Amino acid sequence: MSVHIEAKKGEIAETVLLPGDPLRAKWIAETFFENPILYNDVRGMLGYTGTYKGKAVSVQGTGMGIPSALIYCHELINNFGAKNLIRVGSAGSYNKEVNIRDIVIAMAASSTSGINNSRFFNADYAPTANFELFMKAASYAKSKQIEIKAGNVLSSDEFYEDDVNTYKKWAKFGVLCVEMETAGLYTIAARHQVKALSILTISDSLVTKETTTTEERESTFETMIEIALSTLE
């Protein structure tokens with residue numbers, strides 16, 4: 001047991017999927033896991049462990065933003081021995097070639113957060129994906145003819161920005177989309193020498209203004225989960 005996760009030792013698998021939304025965690029467990037067991041509901045951040053094709057796997061809601069996600073990542077790694085952390089989240093497109101429901105795998109994560117500035121004293125640390133997990137996910141997608149986009153994403157501290165055109169600056173430098181956790185996830189994984197990957201589904205577009213519903217974001221996006229679970233094999 002830790003401060004924010006009430007599981008006992010051994011109740012969380014080495015591979016943990018990390019949606020921000022705890023209701024997406026519930027949907028993942030009930031849809032994809034065999035014999036899912038709820039191990040956490042502290043603060044409503046649902047966590048489940050089950051099996052997928054005979055292999056143990058967990059899913060843990062993290063909330064929105066780097067500070068919230070890092071609480072759960074820290075405890076999963078240091079209190080429960082998690083070795084593979086895979087974010088499965090939604091993102092907003094910054095690019096006209098990245099459309100609603102497209103899958104984006106984050107090779108690296110830029111950020112507006114100050115989380116690494118306090119560590120590296122005005123130097124720039126580049127949070128990047130684990131190569132092994134990235135290749136597993138990309139290879140699976142290719143084998144199933146699932147089109148993916150891969151590249152740099154932005155982890156933002158702000159959901160609502162004053163300047164609605166800020167995204168254009170990032171898009172000019174090839175940033176594919178915006179979300180709120182990946183840079184923190186990749187940094188803490190590197191710090192503790194575990195593996196991390198962020199797989200995102202585009203839920204809305206800052207370019208076209210298209211969007212998906214709350215219900216769709218909670219209980220669809222099956223392809224993203226399928227790719228994440230393929231890393232177990």
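Q: Starting with strand 5, how many of its 10 residues are buried?
A: Nine of the 10 residues in strand 5 (residues 84–93) are buried, which leaves the strand mostly covered. Buried here means under 20% relative accessible area, with exposed being over 50% and partly exposed in between, using a 1.4 Å probe and protein chains only. Helices (H or I, at least four residues) and strands (E, at least two) are DSSP runs, numbered from the N terminus.

Q: Before we go on, what kind of model is this?
A: It is a predicted model, in which local features need pLDDT of at least 70 and side-chain atom pairs count only at pLDDT 80 or more, while totals for chains, interfaces and linings use all residues. Residues are numbered from 1 along each chain as its sequence is written, and side-chain values use heavy atoms, with hydrogens and water left out.

Q: Back to strand 5, then: which strands does it pair with, and in what sense?
A: Strand 5 is joined to strand 9 (195–205) by 10 bridges, and these two run parallel. Strand 1 also pairs with strand 5 in the parallel sense, over four bridges, whereas strand 8 (residues 177–179) runs antiparallel to strand 5 and is joined to it by two bridges. Two strands count as paired if DSSP finds at least two bridges between them.

Q: Which residues are bridge partners of asparagine 84?
A: Asparagine 84 in strand 5 is the partner of threonine 15, and lysine 195 in strand 9 is also a bridge partner of asparagine 84. Elsewhere, glycine 92 stands opposite valine 178 in strand 8.

Q: And strand 4, what does that pair with?
A: Strand 4 (residues 55–60) runs parallel to strand 1 (residues 15–18), with two bridges joining them, and valine 16 has serine 58 as its bridge partner there. Strand 3 (residues 47–52) runs antiparallel to strand 4 and is joined to it by six bridges, with tyrosine 48 partnered by valine 59.

Q: How many residues lie between strand 3 and strand 4 in the hairpin?
A: There are two residues between them, and lysine 53 in that turn has a positive phi of about 50 degrees.

Q: Switching to helices: at what angle do helix 2 and helix 6 pack?
A: Helix 2 (residues 66–80) and helix 6 pack at an angle of about 30 degrees, with their axes 9 Å apart. That makes helix 2 roughly parallel to helix 6. Axes are lines fitted to C-alpha atoms, for helices over the stretch in contact, and angles run from 0 to 180 degrees between N-to-C directions. Angles under 35 degrees count as roughly parallel, over 145 as roughly antiparallel, 65 to 115 as roughly perpendicular and the rest as oblique.

Q: Which residues meet there?
A: From helix 2 they are Ile66, Leu70, Cys73, His74 and Ile77, and these meet Ala183, Gly184, Leu185 and Ile188 in helix 6; contact means heavy atoms within 4.5 Å. By class, the residues of this contact are seven nonpolar, two polar and no charged. Ala, Val, Leu, Ile, Met, Phe, Trp, Tyr, Cys and Pro count as nonpolar, Asp, Glu, Lys and Arg as charged, and the others, Gly among them, as polar.

Q: What about histidine 192, where is that?
A: Histidine 192 is in the loop between helix 6 and strand 9, and at 24% relative accessibility it counts as partly exposed. Again leaving aside neighbours within four places in sequence, histidine 192 is in contact with His74, Ile77 and Asn78.

Q: Last one: how does helix 8 pack against helix 1 and helix 4?
A: Helix 1 (residues 22–32) packs with helix 8 (residues 222–230) at about 70 degrees, with axes 12 Å apart, which means that helix 1 is roughly perpendicular to helix 8. Trp27, Ile28 and Phe32 in helix 1 meet Glu222, Ile225 and Leu229 in helix 8. Helix 4 (residues 131–143) packs with helix 8 at about 125 degrees, with axes 8 Å apart, and these two are therefore oblique to each other. That contact is made by Lys136, Ala137, Tyr140 and Ala141 of helix 4 and Glu226, Ile227 and Ser230 of helix 8.
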